[in-house]
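Welcome, and please take a moment to look over the sequence and the structure below.

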Amino acid sequence: MDHSQSWLNVFPDHLRSLLAKLPPALFAALEEVRIREGRPLEVNAGGHYYFLTPEGGLTRQPAEAYIPGKPEGNRLLDLITNHSLYTMEEELRKGFITIAGGHRIGLAGRTVLSGGKVEHLRDISGFNVRIAREIRGIADSLLPHLLDFKQHSILHTLILSPPQQGKTTLIRDLARQISAGTWRHPEAKWPGLKVAVIDERSEIAGSKRGVPSFDIGPRTDVMDGCPKAEGIMMMIRSMSPDVLIVDEIGRPEDAEALAEALHAGVRVIATAHGSGVEDMPSRPALSKLSESSFFQVYAVLNRTEKGTTFRLWDGKRRRVQEAGWKGRDEHA
């Protein structure tokens, strides 16, 4: 089994055998596998949703689908926690576990509260296995628009989109190309830059025991499994990066840490959930950054049947261009 199929190992034998019966083209395009105890087994491929039959076929009818039971859910949880729920308490509290290869498994169940905050997740009965895939070159069309020719660097950039539009795969490829100095522009002659990736959920680099499983470039350092705000400050102090890359900002402390990066002369590429720049005023952390004109470029992603397009906005949130690329992402 190659690296791209390593996620199959987390499934109990019977579920694994059903998934292995999928048509090769659909299997290669899988983005999510959803297991809900007592409800139909569901897959998402290329933005299309199907139920799996007991024979491993595809159907749109829930009544024809295979129904996973509690033993399979318990076995799946045992496998993804490596037979030790105790060592995964922090991940369970957050509601997801990231396994080797950057594949993230969302969890649903009953929360245990302490002081009004989630302390633990129990009676887990829902799983969403989100399959990570590396798509080299997916950043080719966007990267030339992010170049700072005066400083021989990258412009401060925020990439916005709803979930599953391609943000994570995109910034993974941006890290690789910026680190390698592959600028995709004939007038960009400077060498690759030192890149620091803050990978709180272990999705961008897909690190296993601190070593990335994806190609993120020759001059890239990764702070794995670390809260974003703390990881940003640690990287600035210890690794002297030229460029910081961070996924899904949104908390006030994230904004404060990014502001520190600006004062330290470090360029930033970040992502956040949102359908457009007009959503930023309603997000406290993003609003603060936009009001201070922190970001010089905004890229808004939109995924369609034909591929992914991006709209570009300048630092004053004025629309400047629209372009796109063909292909699919795994999740974001």
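## The second largest pocket

A pocket here is an open set of points on a 1 Å grid over the protein atoms alone, with protein on both sides within 12 Å along at least five of seven lines, and a lining residue has an atom within 4 Å of a point. The volume of the second largest pocket is about 290 Å³, where a volume is the space filled by probe spheres set on the points, and grid points are joined across faces, edges and corners. Its lining divides into 3 nonpolar, 3 polar and 9 charged residues. In this scheme Ala, Val, Leu, Ile, Met, Phe, Trp, Tyr, Cys and Pro count as nonpolar, Asp, Glu, Lys and Arg as charged, and the others, Gly among them, as polar.

Before going further, a word on the model: it is predicted, local features need pLDDT of at least 70, side-chain atom pairs count only at pLDDT 80 or more, and totals for chains, interfaces and linings use all residues. Residues are numbered from 1 along each chain as its sequence is written, and side-chain values use heavy atoms, with hydrogens and water left out.

## The largest pocket

The largest pocket holds about 720 Å³ of space. It is lined by 24 residues, and the closest to its centre are Met-88, Ile-97, Thr-98, Ile-99 and Ala-100. Helix H3 (70-80), helix H4 (89-94) and strand S5 (96-99) are the elements that give two or more residues to this lining. Helices (H or I, at least four residues) and strands (E, at least two) are DSSP runs, numbered from the N terminus.

Which element gives the largest share of the lining of the largest pocket? That is S5, with 4 residues. By class, the lining has 9 nonpolar, 8 polar and 7 charged residues.

## The sheet and its hairpins

S5 also belongs to an open sheet of 7 strands, in the order S4-S3-S2-S1-S7-S6-S5 and with antiparallel pairing. Strand S4 (58-59) and S5 are the edge strands, each pairing on one side only. Two strands pair if DSSP finds at least two bridges between them.

Ile-97 has Ile-105 in S6 as its bridge partner. S5 and S6 form a hairpin with 3 residues between them, and Gly-101 in the turn has a positive phi of about 100 degrees. Next, 10 bridges join S6 to the antiparallel strand S7 (residues 117-130), with Ser-114 opposite Lys-117 in S7. This pair forms a hairpin too, with 2 residues between S6 and S7 and a positive phi of about 65 degrees at Gly-115 in the turn.

Elsewhere in the sheet, strand S2 (residues 42-45) and strand S3 (residues 48-52) run antiparallel and are joined by 4 bridges. Val-43 has Tyr-50 in S3 as its bridge partner.

Rolling a probe the size of a water molecule over the atoms shows where empty space is left. A cavity is a set of grid points where a 1.4 Å probe fits but cannot get out. How many cavities of 30 Å³ or more does a search of the whole structure find? The search finds 2.

The largest cavity has a volume of about 50 Å³. Its lining consists of Ile-198, Asp-199, Glu-200, Arg-201, Glu-203, Ile-204, Lys-228 and Asp-247, with 2 nonpolar, no polar and 6 charged residues.

## Helices side by side

Helix H6 (residues 228-239) and H7 pack at an angle of about 15 degrees, with their axes 8 Å apart. Axes are lines fitted to C-alpha atoms, for helices over the stretch in contact, and angles run from 0 to 180 degrees between N-to-C directions. H6 and H7 are therefore roughly parallel to each other; angles under 35 degrees count as roughly parallel, over 145 as roughly antiparallel, 65 to 115 as roughly perpendicular and the rest as oblique.

The axes of helix H7 (residues 252-263) and helix H8 (residues 284-291) come within 7 Å and cross at roughly 25 degrees, so H7 and H8 are roughly parallel to each other as well.
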